[in-house]
Amino acid sequence: MKTVEIDAKDLHYTPLNLQIRKAVSEGAKEITVRNIMGQRFIADGLKGDVSLILHGVAGGDLGMFMSGPDVTLYGNADHAPGNTMDAGSIAIHGSAGDAVAHSMRGGKIFVRDTIGYRGGIHMKQYLEKRPVLVLGGSARSFLGEYMAGGLILVLRRFPDTMDDERGIGSGIHGGEIFIRGTISDDCLGVGTKKDTCSMEEIARITPLIHEFAAKFEIDPSQFLKSEYTRISPASGRPFANKYTWE
Amino acid sequence: MSIGTVPMKFRVSIDQEQCMACARCVENCSYGVFRMENGVVRVNPRHCVACHRCLAMCPRDAISIEERPVDYRSHPLWTTEVKEAIFNQARTGKIIVAGMGNALPYPVIFDRLVLDACQVTNPSIDPLREPMELRTYLGKKPSHLDLLTKENGDVELVSTLVPNLKLDTPIMIGHMSYGAISLNAQTSLAKAVNEIGTFMGTGEGGLHESLYPYQGNMIVQVASGRFGVDINYLERGAAIEIKIGQGAKPGIGGHLPGEKVNKEVSVTRMIPEGSDAISPAPHHDIYSIEDLKQLVRGLKEATEWKKPVFVKIAAVHNSAAIAAGIARSSADAIVIDGFRGGTGAAPRVFRDHVGIPVEAAIASVDAKLRQQGIRNEVSVIASGGIRESADVAKIIALGADAVYIGTAALIALGCRVCGTCNRGVCAWGIATQRADLVSRLDPEIGSKQVANLIHGWTDELAELMGAAGINSIESLRGNRDRLRSYMLDEALMTVLDVKSVGA
C-alpha cells in the first residue's frame with residue numbers, strides 16, 4: 001500500500017490540497033497530514049479510494065463536496081465538515097462547529113464528542129445515497145433543521161445535555177433523527193413528530209452504534225441498552241397547504 | 001358560496017362558418033377549453049389562459065380570444081386584479097402563487113432612456129464594413145500587469161491571469177432549471193448558445209446527461225437547496241454561479257412541488273421521485289459576506305481554481321453595498337436580477353412588490369464599485385426584463401458587462417407569456433414535464449429560433465454602437481454620456497447618472 005506523509009506546517013490550504021491531490025493521482029492509498037492548524041477546505045472536492053489521516057485542528061468545510069475518501073481527524077474541526085459531501089466518511093476524534101454535514105447527500109460522518117448549532121441541516125437522500133451523521137456527545141439547537149433525508153444519531157455519552165436545545169428537526173420533511181434517551185417536547189422544532197423507538201428501529205441503528213464504538217474505542221454497551229427517541233417529519237410536504245394559484 | 005363566480009378572463013369563440021372541424025384546437029389545448037360534440041367544436045372559455053396555442057394551430061383563423069369581455073366596474077384603486085386576489089384569499093386563506101414576472105404597471109426605466117448617435121462631427125461607423133468588437137470577457141481583470149522585457153526585446157507577461165469566460169456577444173441566457181422548463185426547452189437553449197458562442201445557466205436543477213455535450217457553454221448553479229450538486233457537476237460547468245436571490249422573489253427560497261419531480265427530474269436533482277424540492281431562503285452556510293467568501297473559495301478550491309464563480313443577487317435597496325462586499329469575496333462576476341425577472345412560480349406579493357428595477361441597480365452597483373476602485377475585480381451581469389437589443393445597449397451603457405435573457409429566449413421558443421408556468425401543462429412544451437407536451441418542442445427548430453434571436457440582437461447592437469461612433473463594446477460600457485433621460489425625475493437621473501434629453 002502506498003503511503004504519503006505531508007507536513008502542513010505554515011502551508012496555505014491550496015498548496016496543501018494540491019499535495020493531497022497529487023498524492024492521490026499518484027496512487028497513494030493512505031495520506032497522513034501532520035501539523036494542521038486551521039486550514040480550511042481540506043479534501044474539498046476530493047475523489048478516490050484513499051484514507052486521509054489528519055492530525056491537528058481542521059478549519060471550515062473539511063471534506064466539502066468530497067466523493068469517496070475516508071478521512072480520520074485526530075483533533076477538532078471548525079464549521080461544516082462534510083458540507084455537500086457526496087460519498088466517503090469523516091471521523092472526528094474531538095468536536096466540531098456549526099452546520100456539520102450541511103446539505104450532505106451521502107457517506108458517513110462520526111463525531112466523537114459534540115457539535116454546534118444546525119448540525120445536519122438540509123441533509124438529503126437519493127436512491128442508495130443516504131447520509132449518516134453519528135454524534136457521540138450532543139448537538140446544540142436546530143439539529144436536523146430542514147432535513148430532507150438521511151439519518152442522524154445522537155448518543156449523548158456525556159451527562160447532560162440537549163435538554164435546553166430548541167428547534168430540533170425544525171422544518172424537517174424527510175429523513176429521521178434518533179436521540180438516545182428522551183427529549184422534551186419544548187425542544188422540538190416546527191413540523192416534527194416524536195416517537196419512542198421500536199425494536200425494529202433500534203435494530204436499524206445498532207450497526208451504527210457498533211461502528212461508532214469501534215472507531216473511537218468506546219464501550220458500546222451503554223448505548224445498546226438504552227431507549228431512543230425518534231424524530232421524523234409530521235408531513236413530507238410541509239408547504240402543500242400554504243399556497244393557492246393566481 | 002356568497003362570492004359566486006367571477007367574470008371569465010377570456011372569451012373564446014369559434015367562427016363556425018370558418019371552422020372545418022379538424023379538431024386541431026381540441027388536440028392542442030392542454031387546458032381543456034375545446035371539445036368535439038357531434039362534429040362541432042364547443043368551448044369552455046373558463047379554462048382559457050390565452051396561450052394562443054389553438055390560434056397558432058388553427059388552419060382557418062376560426063378562433064378568436066377576447067380578454068375580459070365582461071369586466072367589473074372600472075376603478076383606479078380597486079382593480080380587477082386586486083378584487084380577484086381578495087376573492088381568492090377569502091376562499092382559501094392562502095398565499096397566492098403566480099407564474100412569470102412582475103405584473104404591475106410600474107414605469108419602465110428603459111423606455112425613458114434614449115441612445116445617442118453621431119451627426120457631422122465624430123462620424124458614425126458602418127458595421128458592414130468596419131470591424132465591430134462585441135467580444136466580452138467575464139471575470140476578474142488584473143488591476144495592473146507585470147511585464148518583463150527580455151534581452152532580445154520580447155516582452156513576457158509575468159502576472160498570473162485568472163480564468164475568464166469568453167463570449168462572442170454580451171448576451172447570455174439566464175438560469176432556468178430542468179424541472180421549471182422541459183428538457184427539450186433546455187436542449188434548444190443549449191444548442192443555441194453553443195452555436196452563438198455564449199453561455200446559459202442550468203438553474204438549480206442539475207445537469208441532464210443529454211446536455212453534457214454542451215457543458216462547455218453551461219454555467220452550473222449552486223443554490224440554497226444544493227440540488228443536483230456534486231463534484232462532477234461542478235467540474236462540468238464552464239463557470240459556477242452561487243444563487244443568493246432571484247429578482248422575481250427576493251429574500252425567499254423556492255420549492256418545486258413533488259408532482260413536478262418525475263423520474264428524469266429526480267435524477268438530475270438527485271432527490272426521490274415525487275418529493276418536494278425545498279430550497280431554503282438563505283444558504284445555511286452563508287449568513288454573512290465572510291461566509292459567502294467561504295463558499296466562493298470552497299467552490300474554487302473544489303475545482304482547482306480553474307473556473308470563474310459568479311454570485312447572483314436580486315436587485316434590492318442595498319444592492320450596491322452588497323455588490324461591493326461580493327466584489328471582495330473572490331467572486332469573479334456579480335449577477336444583478338431586477339424585479340421584472342421571470343419565474344416558474346413565485347408568491348404574487350413578492351413578484352409584484354419586492355425588489356427594484358435592474359436599470360437603477362446596475363447603475364448604482366457600477367458606480368459604487370468604481371468609487372471604491374474595485375470595478376476590475378468583478379464583471380457585472382444584468383438580468384430581469386431585458387426585452388430587446390436596445391435594452392442591452394442601455395444597460396451596458398449604465399455599467400453592465402453582459403446580460404442574461406430568460407423570458408425573451410422562451411418567447412423565441414413560442415411562449416406567449418400567459419403566466420401559467422406554475423400549472424405545469426404548458427401547451428408550447430416549455431414549462432411542463434408532460435411527455436406529450438414536451439414533444440411539441442423540437443430542439444433542432446427551437447435552437448435555431450433562439451440562435452436567430454441572439455444573432456439579430458447582436459447585429460442590432462453593432463448597428464447601435466456604429467451609429468454612436470463606437471467600435472468596441474468596451475467603449476460603450478458605463479458610457480452614460482451616450483444616454484439621455486426622457487421624463488425621468490431628477491432623483492432617478494442622479495442614481496442613473498444621466499442627463500436629460502436636450503442637456
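Mentor: Begin with a definition: two residues are in contact if their C-beta atoms, placed from the backbone, lie within 7 Å. This is a predicted model, in which local features need pLDDT of at least 70, side-chain atom pairs count only at pLDDT 80 or more, and totals for chains, interfaces and linings use all residues. Residues are numbered from 1 along each chain as its sequence is written, while chains are lettered from A and ligands numbered from 1 in the order in which they are written.

Trainee: How many residues of domain 2 of chain B are in contact with domain 1 of chain B?

Mentor: Chain B is divided into domain 1 (10–94) and domain 2 (163–500), with bounds from an automatic or database domain assignment. The centres of these domains, taken over C-alpha atoms, are 33 Å apart. Domain 1 puts 10 residues into the contact, and the number from domain 2 is eight.

Trainee: Which residues touch the most other members of the largest nonpolar core?

Mentor: A nonpolar core is a set of buried Ala, Val, Leu, Ile, Met, Phe, Trp, Tyr and Cys residues joined through C-beta atoms within 7 Å. Buried means that 20 or more other C-beta atoms lie within 10 Å of a residue's own; with 12 or fewer it is exposed, and in between partly exposed, C-beta atoms being placed from the backbone. The largest core has 221 residues, and those touching the most other members are Ile334(B), Ile336(B), Ile362(B) and Val403(B).

Trainee: Which residue of S5(B) is the bridge partner of Trp245(A)?

Mentor: Strands (E, at least two residues) and helices (H or I, at least four) are DSSP runs, numbered from the N terminus. Two strands pair if DSSP finds at least two bridges between them. S12(A) and strand S5 (residues 95–98) of chain B run parallel and are joined by three bridges. In S5(B), the partner of Trp245(A) is Val97(B).

Trainee: Which strands stand at the edges of the open sheet in chain A?

Mentor: The 11 strands of this sheet follow the order S1-S2-S3-S4-S5-S6-S7-S8-S9-S11-S10, with mixed pairing. Each edge strand has a single partner strand, so one side of each is left without a neighbour in the sheet; they are S1 (3–7) and S10 (192–196) of chain A.

Trainee: Which residue in S8(A) is the bridge partner of Leu133(A)?

Mentor: Strand S7 (residues 132–135) and strand S8 (residues 148–154) of chain A run parallel, joined by four bridges. The partner of Leu133(A) in S8(A) is Ile152(A).
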